[in-house]
Amino acid sequence: MIDVIEAHECANVFRLLAGDEYDCLVDDIANNGLLNPICLYEGKILDGRNRHRACLAAGVDPIFVNYEGSDPIQFVISANEMRRHDNESQRAMAAARLANLKLGDNQHTKEGASIEAGTSQTEAADAMGVSRSAVQRAAKVQATAAPEVLAAIDGGFIAVSDAASIIEMPLEDQSAIV
């Protein structure tokens, strides 16, 4: 039996795969095995949450490596940017989650910055290639939108700007719209 391992907070910046995207990953791992190891940091999954879930679903033993670097957030961003094809709204949602990491999750420091400084919305926007205003909209949507709205944005079905226009509505009305 494969153990379930918790995801590191830095890994949660990016959305989990769902639907056909996830099903294809499960099928690939079932047919070809795990080709890229899952990276652990502080005993949690730093990179490879989707691969880990797919290994569990496919009954394939995962392969793990430990992260040895000094900037786990930059590692997660770099590892995910090149292999994902997220749209601007999905990247804005990731940037808002990055900027909202609680103190201590962001264990790296920039030259001249302290850990307490964290990641600003501007830094998160720059890292994800979106505007600061998109990050601000995404943060507001994340704080007030119905779970179905958040899932629709993460799935690439609606834009953050469209979601921002309905978040003042009651949650059940938001859900009905998406």
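This is a predicted model: local features need pLDDT of at least 70, side-chain atom pairs count only at pLDDT 80 or more; totals for chains, interfaces and linings use all residues.

User: What order do the strands of the open sheet have?
Analyst: The three strands go 2-1-3, with mixed pairing. Strands are DSSP runs of E, at least two residues, and helices are H or I runs of at least four, numbered from the N terminus; two strands pair if DSSP finds at least two bridges between them.

User: And which strands stand at the edges?
Analyst: Strand 2 and strand 3 (64-66); each has a single partner strand, so one side of each is left without a neighbour in the sheet.

User: How many bridges join strand 1 to strand 2?
Analyst: Three, and strand 1 (residues 38-41) runs antiparallel to strand 2. Leucine 40 sits opposite isoleucine 45 in strand 2.

User: Switching topic: which residues are closest to the centre of the largest pocket?
Analyst: The pocket holds about 480 Å³ of space. Leu17, Leu25, Asn50, Arg51 and Arg83 are the closest to its centre, out of 24 lining residues. A pocket here is an open set of points on a 1 Å grid over the protein atoms alone where a 1.4 Å probe fits, with protein on both sides within 12 Å along at least five of seven lines; lining residues have an atom within 4 Å of a point. Volume is the space filled by probe spheres set on the points, which are joined across faces, edges and corners.

User: Which helix gives the most to that lining?
Analyst: Helix 1, with four residues.

How values were computed: Residues are numbered from 1 along each chain as its sequence is written. Side-chain values use heavy atoms; hydrogens and water are left out.
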